[in-house]
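I opened this entry to log what I looked up. My notes follow the model.

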Amino acid sequence: MVMRKKPKLSLRPSRSKVDLLGKALELPPGALGQGAHIELSSNREATVDGCKGVMEYEETRIKLNIGTGSVTFLGRNLEIANLLGNQTVIAGFITGLEFTM
């Protein structure tokens with residue numbers, strides 16, 4: 001008769017190496033993940049890294065696909081100032097953001 005060890009049960013959730021590195025560097029959750037990275041320069045410009053495509057484009061509303069959902073920029077005189085690879089720069093007078101998952 002062969003005796004097999006029972007698997008140990010852990011109360012701690014498993015964490016990936018990326019999560020451990022982020023915690024060690026004191027980064028916000030998801031900063032090293034696959035999600036989009038958005039930087040605002042006042043309310044006049046936004047840079048989005050991780051953009052998968054443009055879903056809507058109007059002067060008062062620009063909606064971007066960010067893979068895990070979408071982000072919508074609301075404002076006046078909005079335009080896509082730069083669209084290169086997966087980086088998009090939105091310029092204009094930004095009055096709000098909406099996230100959809």
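I started at Phe99, which sits in strand 6 (residues 87–100). I take helices (H or I, at least four residues) and strands (E, at least two) as DSSP runs, numbered from the N terminus. Phe99 counts as exposed because its relative accessibility is 51%. My cut-offs for relative accessible area are under 20% for buried, over 50% for exposed, and partly exposed in between (1.4 Å probe, protein chains only).

The model is predicted: local features need pLDDT of at least 70, side-chain atom pairs count only at pLDDT 80 or more, and totals for chains, interfaces and linings use all residues. Residues are numbered from 1 along each chain as its sequence is written, and side-chain values use heavy atoms, with hydrogens and water left out.

Next I checked backbone angles. Most residues other than glycine have a negative phi. Ser42 has a positive phi, near 55°. I found Ser42 in the loop between strand 1 (37–41) and strand 2 (45–49). Ser42 counts as exposed, because its relative accessibility is 63%. Asn77 also is not a glycine, and its phi is positive at about 50°. Asn77 lies within strand 5 (residues 70–84). With 54% relative accessibility, Asn77 counts as exposed too.

Then I turned to the whole chain. The order from the N terminus is α-β-β-β-β-β-β. How much of the chain is buried? Buried residues make up 24% of the 101 residues. For contacts (heavy atoms within 4.5 Å), I took pairs at least 6 apart in sequence; 38% of these join residues at least 24 apart.
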